[in-house]
Amino acid sequence: MVAKRKKKYSVGEGAQFMSRKAALKKLQLSLNDFRRLCIIKGIYPREPRNRKRAQKGQSGIKTLYHVKDIQFLLHEPIIWKLRDYKIFNKKVGRARAIKDFERLHRYLNNHPTLKLDHIVKERYPTFLDALRDLDDCLTLCFLFSTFPSLAHVPRDQSALCQRLTMEFLHAVIEAKALRKVFISIKGYYFQAEIKGETVTWIVPHHFSFEPQHRAEVDFKIMSTFVEFYTILLGFVNFRLYHWLNLYYPPKFNSINQNEGEKDLVDENVYVAERIAALNFPLSKTSNEVVEEDLEIDAFNNDESPEKIEELKKEAEKDKQLKTLFKGLKFFLNREVPREPLVFIIRCFGGEVSWDKSLFVGSTFDENDESITHHIVDRPSMEKHFISRYYIQPQWLFDSVNCRELLPVNKYFMGEILPPHLSPFIDKERDQQYIPPEERALLDASIEHMYKKDEENDGEGVDDDEEDEDNEEDGGENEDDEEESDNEEESQNEKKLSVTPGEVFKEVPWEKSRQERQEYRLREKLVKNKHRKLYKSMMEGKEKRAKEIWLLRKKRRLHDAEKAEDTKGKKKVAKKENGPAKKNEAATKGKKKSKIN
Amino acid sequence: MGKTDKNLKRKVEEASNSKEIEEEKGSDSEEEDFLTTLNGDEDSSDSDREIEDSEDDNNELVEDEGEENNDSISGEDSEASDELEDEEEDESDEEDDSSGGEEEEEPLSEESEEETSEKEDESPKSINKLSESSKLDKNALSRSKTDEYADNDTSDEEDIRNTVGNIPKNWYDDYKHLGYDWDGKRIIKPEQGDQLDAFLKKMEDPDFWRTVKDPQTGQNVVLSDEDIQLIRRIRGQKIPDVNFEEYAPWIEWFTSKVEQMPIRKFPEHKRSFLPSKSEAQKVSKLVHALKMGWIKTREEQAKLRAKKEPQFYMLWQTDDQTEEMRRIHKHISAPKRLLPGHAESYNPPPEYLFDAKELKLWNKLKNAPWKRKLHFIPQKIDSLRKVPAYPRFIKERFLRCLDLYLCPRAIKMKLNIEPESLVPKLPSPRDLQPFPTVMSLEYKGHTDMVRCISTEKTGQYLLSGSDDGTVKIWEVNTARCLKTIKIEGVVRSVEWCPNQALSLVLVASDNDVYLINPHVGDTLISQKTDAVLSEVPKSDHIIPERIRTCVQWLEPTQELYERGVRLHLKHFKEVTQVTWHGKGDYFATVMPDGANRSVLISQVSRRRSQLPFAKAKGLIQCVLFHPTKPCLFVATQRHIRIYDLVKQNLIKKLMTNSKWISTMAIHPLGDNLLVGTYDRKMLWFDLDLSTKPYQTLRLHGTAVRGVAFHKRYPLFASGSDDRSLIISHGMVYNDLLQNPLIVPLKRLQDHDSFNDFGIFGVHFHPLQPWVFTSGADSTIKLYSN
């Protein structure tokens, strides 16, 4: 008997994948419903190993879902809810068409709602999984919390986002989990470490909502995402609060208005209240301290002792970071963006307040003598207290990223700020450009520099210091770039000295040149199999090297320009007078002194 | 437009007055006349003013213009006045009912008339003034009746010829003028008399006490009696209006009495005392709906709303324990977004900011944003408060959402290796010395490309053949040309006889192959060679037709003999290559165009040739004798065939996998073959191993034209059209299990290119680790260690 001939694509990759159209047919759903279901259930198309086979021999590129995924959707009870929605929409449509408003009202009041609790558990088997996937959730929720009521974004949703994000911030404050902060042109990046998982989120700058073109952004899709994310965030918050021995939902002291009134107050007041709430600690269920910092045991012998030492140092620094602002009192001036700053300061144990007459929730007055830092973002102020530093907000961010309190002298009011560096640069990666400022931080020569700065301050020569810095930076750059240059210089020095006779000198770069040549010959022997890979890798390397070179060049040009500028200024200053300079120095002293 | 206002008022007054007069029916004609002169007849008033103008020239223009304005607006005014009249009528009716204020009015108007008559006598100017004052009275009258103008119009009491407005007059103290009239002309201050004049006036003028100065015009104004009366009344704290009756009887507009009887004559309906049935029905419906839960109270609604809000509870009991449930199949979690670098900072280091060129490039890639270096333009903002919202934030979030649910996911293994690790680890060239590293000598003398070179077996002399139709013999150590042998035609191939007992070289040019005694070196040998070659071996062998048409062994002509040619072979096609067998008796010639007769093996001692192949296997490029075995390597365009010359059969066919073979060389041990191809490759064949190349070397950038093995050292070299000579280490081990070691050692590039040709011939010194190269730049170079 002849074996039955197998049909093509009945096994293997051809049977494993399903195009979207086939999936829709199988699920008996409209595209919109399917999309919603996919978003909520976290189903995504998959890239087959062999597309042609997976598409059953069809050409073109199709959205392919795994058959098992579609079967998984098939068993989802939500599908029935979606069908209910369909019926509901029909009913509502009819009632509206015949103008039966009573019925319409009734329908609208009991519209079907999706319950997503089980999906959260299904998608995130453990709490840690949920934490791991919290980045997008938080960023989107923070964005939606700034939204007005839109066509597809109900007011309830953005209000819920506001509530949940605020709760999350409180949890982070209580857990002292914040690690890194960064002011980007896109928004404030925050990175927290919760239970060993890093969670990064972006809080957009003020006035982030802009009406978008319909072809550009579909708020309906985003709203569906937020629908799921709010539920996820709620459960995460609940567990976090529970872990931190806090009541959930939290009771905020300052918000004591009832619901009706809250609808009436305008947006600004509402925002102000949210920030005010950030400024007060939450009530706790018990006074036990959640201590999860464990000393790193020396059991893991497989690692080298240096590494363990390094890890220990890191842990020590992290611990130090948690109490970075402890004992410091901050006062925020009116123009400073309050929400991120209050969050940061509270996270690291500082006290913060602002003008009572402008926003609610301030805890102490501007005239309080115990304020240590006054955060200003304007070039000058009329009233000064001797007892405090007037600094710009970037100091907070840089200090946090540095995990220690940086010297404030570069951040005084009206100073031109040093560049704000990203804390998210992976230091292990080679072939990346490190700006001189960061190198200064890495070299731990910061204290040295600081000392020098102080000395300079004492002498009252600020410009010189900058010059020196530049020169140093320049020197470092050159060191890295071209060793040969330095050697050339040393040769030049040698030429000056008198040497008896002509001794054959090996050309210093000859050796490296030769090595390079040899390498070039050798790299031609790369296996055929790896040739393309090698080529692309080398291309990438070259590209990166070029980028670094470009950045160095730009920096060098910039520094040269700046040096020229300062020189010009100095000349002018010299032409003027000595005393004027002294005065300047006096004003540039560490503490701006003037009694109100 | 004060004038027009005034006019309007006048008209109104006139109307009201006339009505009163009509009612009175006994009014004085004089008054009527006066009124008409004032308001009704334009002509008469004009005439009045003309009189005034004659006195006061300054104001002439103003007045005229005022009139014009009057005319133009009068139409509208009349309408307005009509309306006003109506209103007044109504009010006057009311007045009629209540009290007759008119009786008091009459005498007053008479009074005013008397006064006017007095003033008329005095001066025409005062008439005007008076008219105003009388109008004032009228105004007051009308006010007493109707309070119509009380609040909005008092401007008619002022002279508003001056346009400066209500400003402190002392501002004009230093000027000659007081202000500006309607034309914008200055109003000059009237002449101010000195104190003496003032005194005289005081003495002489009886009206001096009632003369005041108008601050607007600077004119003296004589107050009328009414004015004075008004002032007096104000001073006396009386009501300024003379006509106001302080003690008028009280009129009770609304009754204060409580009526005993109903006003309507029918009683209240029963309905009004019974509860409404329909309302009760409605209420019961509502109650029912409440009971049934159809409608909700507000509290209930709030509760429901709270219930609809998501309820959170402890979803995960522990941190890391999972509950068994159906989950997504082989979940691939979405990759996290890349974290921002320094460039994204609001205050990045200055080098990250775009310069003009980068910005231009960024803008240029508008339609291909994925090619951009950064997806945003770095910005430096000097202060945090100035940081604006990122305009693409929502869009970026949206794209991320799209990625999350629409982007196909797959697990990709990421290679985390350094590119250097892909480069094979080879011993350092320094450990593999000696090998030629520097160019030490250059042999100049040829005038055209040098295609082929060869050395004597001892390495003392170098032989070269060039396109200029000469063969030159050089002394290797001094680079001196010892001999130049002229040969017509391009010399395609030369080779020194490997037999040391013979001083003989083989030269191929066009269709001819010459055996030349170069007469260098040991004279004994060369003489012996001459002697050996002079005698023609006798044989009765009949040369087959096939060979005879192919090659003819000729004695050289006298001329050729003098040049050193000892034997002359004439072929039927162009010869491209000649090569000796290792013993030095046989040699092979290659004629690529010869079809099945392209390879010819000739024996010098017998002066005989034979054609080893009966069939053409392809376009033959070159042939090579095995150094020890009786084998012949024949390279066609793509393959190399190895023939056993004794058994006369094919041993092996080597697959080169390249398009066009150019040359080949065999390792002195005979187990390895190096093949150069025009498609830039060099192929190392290990003959024991496989018919496929053991290693393909892509060392050159262009066609390889010459390859050579060193006889003693483990070296091989290759020259190509890219003018470079690459010397490599090619160690062959006796151990069969160990594969040859190939290490490229040195790249030397000294030849110039000519017609896109670089190096043609590569030849090692037989004893020293030196290498000769002949190039298209008509030079030969020696590289030594």
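In what order do the 4 strands of the open sheet of chain B lie, and is the pairing parallel or antiparallel? The order is β6-β7-β8-β9 (chain B), and the pairing is antiparallel.

## Basis of the report

This is a predicted model, in which local features need pLDDT of at least 70 and side-chain atom pairs count only at pLDDT 80 or more, while totals for chains, interfaces and linings use all residues. Residues are numbered from 1 along each chain as its sequence is written, chains are lettered from A and ligands numbered from 1 in the order in which they are written, and side-chain values use heavy atoms, with hydrogens and water left out.

## The sheet of chain B

Helices and strands are DSSP runs numbered from the N terminus (helices H or I, at least four residues; strands E, at least two), and two strands pair if DSSP finds at least two bridges between them.

Strand β8 (residues 470-475) of chain B is joined to β9(B) by 6 bridges, and the two run antiparallel. Val471(B) has Ile485(B) opposite it in β9(B).

## The sheet of chain A

Chain A has an open sheet of 4 strands in the order β7-β6-β8-β9, with parallel pairing. Its edge strands, each pairing on one side only, are β7 (351-354) and β9 (389-391) of chain A.

Ile375(A) has Ile391(A) as its bridge partner in β9(A). Helix α16 (residues 338-347) of chain A packs on the sheet and touches β6 (329-332), β7 and β8 of chain A; the direction of the helix makes about 155° with that of β7(A).

## The interface of chains A and B

Contact, defined as heavy atoms within 4.5 Å, involves 125 residues of chain A and 95 residues of chain B. The two chains bury about 9700 Å² between them, 63% of it on carbon and sulfur atoms; buried area is the accessible area (1.4 Å probe) that two parts lose on being put together, summed over both. Ile185(A), Lys186(A) and Leu525(A) supply 9% of the area that chain A buries against chain B, more than any other three residues.

A salt bridge is a side-chain nitrogen of Lys or Arg within 4 Å of a carboxyl oxygen of Asp or Glu, and the rule finds 14 of them across this interface. One of these joins the side chains of Arg400(B) and Asp136(A), at 2.8 Å from N to O.

## A salt bridge within chain A

Over all chains, the search of the whole structure gives 48 salt bridges. Among them is the pair of Arg36(A) and Glu227(A), whose closest N and O atoms are 3.0 Å apart. This pair links distant parts of the chain, 191 residues apart: Arg36(A) belongs to helix α3 (residues 31-41) and Glu227(A) to helix α12 (residues 219-243) of chain A.

## Backbone features in loops

Two cis peptide bonds may be noted. One runs from Tyr248(A) to Pro249(A), with omega near -5°, and Pro249(A) is placed in the loop between α12 and α13 (259-264) of chain A. The other runs from Gln433(B) to Pro434(B), with omega near 5°; Pro434(B) lies in the loop between α12 (393-406) and β5 (438-444) of chain B.

Arg403(A), a residue other than glycine, has a positive phi near 65°. The loop that holds Arg403(A) lies between α17 (394-402) and α18 (436-442) of chain A.

Methods
Axes fitted to C-alpha atoms, helices over the stretch in contact; angles between N-to-C directions.
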